[in-house]
Amino acid sequence: EVGAGLEVGAGLGVDSLLDALVCVFEEFSQSALVGDKHVRPFLEWAAPIVRKVRRLRMNRDDFHILKVIGRGAFSQIAVVNRKKTNEVFAMKVMNKQETLSRAEMVCYREEREVLTRGDSRWITKLHFAFQDDHYLYLVMEFCGGGDLLTLLGRFGDRFPEAVARFYLAELALAVDTVHQLGYVHRDVKPDNVLLDVGGHVKLADFGSCLRLNEDGRVCSSLGVGTPDYMAPETLLALEDGT
């Protein structure tokens, strides 16, 4: 399972070193240096290690897709079953090329950091993170209670006051935990507020989040979020071009 993440100033973990080894191996294997007298022995030494790493590491084939429950501009979310344990998770799949080409809008590293370090009482818990040649994968807890938008529809798009107070209070706690980590979500809306089987809030979809600057603000040249739920000052800044 995913640990606490790599903190600034912390030593490299085994996974990071293996990633580096695989990356160097692949780069040399596809370069003009493949026949170099110094490179060739390294490739011969590393080849069995790289094969074993690829065989043992988690990959997409370890999961069975049960149902696709959401699609975005750069990703899709599916309910999956882990074949080895029969556990059910939510898997977010992101196209690497799209993620890299739209780095200012798609914040994979920030999302992974929040999911890894966040308070799992209020934020969807990240269980696994892995990648292949074309995609990035985040495997998170599956929230069986649906989302706040669906629940709101069952109440005729208007919660009773007591219900509204309950969910606003829990949502405030969830947002506060994100701010305490030093991040801002930037796309809080009913669709992104999931509910566990007990009906409690789990804030999700941190694909647009950014780290706060020392002054508690973020700087971005793009307006990110859903217009109907964006803060008025953000919309005004977009109109002014600031």
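Q: Where is Cys-107 found, and why is Cys-107 called buried?
A: In this predicted model, Cys-107 is found in the loop between helix 3 and helix 4, helices being DSSP runs of H or I with at least four residues and strands runs of E with at least two, numbered from the N terminus. Buried means under 20% relative accessible area, exposed over 50% and partly exposed in between, with a 1.4 Å probe and protein chains only. Cys-107 has a relative accessible area of 2% and is therefore buried.

Q: Which residues does Cys-107 touch beyond four places in sequence?
A: Contact means heavy atoms within 4.5 Å. By that criterion Cys-107 touches Arg-186, Phe-206, Gly-207, Ser-208, Cys-209 and Leu-210. The C-alpha atoms of Cys-107 and Gly-207 are separated by 5.2 Å, although these residues lie 100 residues apart along the chain.

Q: What are the conventions behind these values?
A: Residues are numbered from 1 along each chain as its sequence is written, and side-chain values use heavy atoms, with hydrogens and water left out. As this is a predicted model, local features need pLDDT of at least 70 and side-chain atom pairs count only at pLDDT 80 or more, whereas totals for chains, interfaces and linings use all residues.

Q: Which residues of helix 4 are buried, and what do they pack against?
A: In helix 4, Tyr-108, Glu-111, Glu-113, Val-114, Leu-115 and Thr-116 are buried. The buried residues of this helix pack against strand 3, helix 3 (96-101), strand 4 (126-131), strand 5 and strand 6 (183-184).

Q: What makes a set of residues a nonpolar core, and which members of the largest one touch the most others?
A: A nonpolar core is a set of buried Ala, Val, Leu, Ile, Met, Phe, Trp, Tyr and Cys residues joined through side-chain atoms within 4.5 Å. The largest has 26 residues, of which Val-114, Leu-115, Leu-138, Leu-148, Leu-203 and Phe-206 touch the most other members. Elements that each supply at least two residues include helix 4 (108-117), strand 5 (135-141) and helix 5 (148-154). Helix 6 gives the largest share, four residues.

Q: Why is this core said to lie between domain 2 and domain 3?
A: Domain 2 (60-141) and domain 3 (146-240) both contribute residues, so the core lies between them; the domain bounds come from an automatic or database domain assignment.

Q: Why is Asp-157 called exposed but Asp-205 partly exposed?
A: Asp-157 has 58% relative accessibility and therefore counts as exposed. Asp-205, at 34%, counts as partly exposed. Asp-157 lies in the loop between helix 5 and helix 6, and Asp-205 in the loop between strand 8 and strand 9 (210-211). Phi is near 65 degrees in Asp-157 and near 60 degrees in Asp-205.
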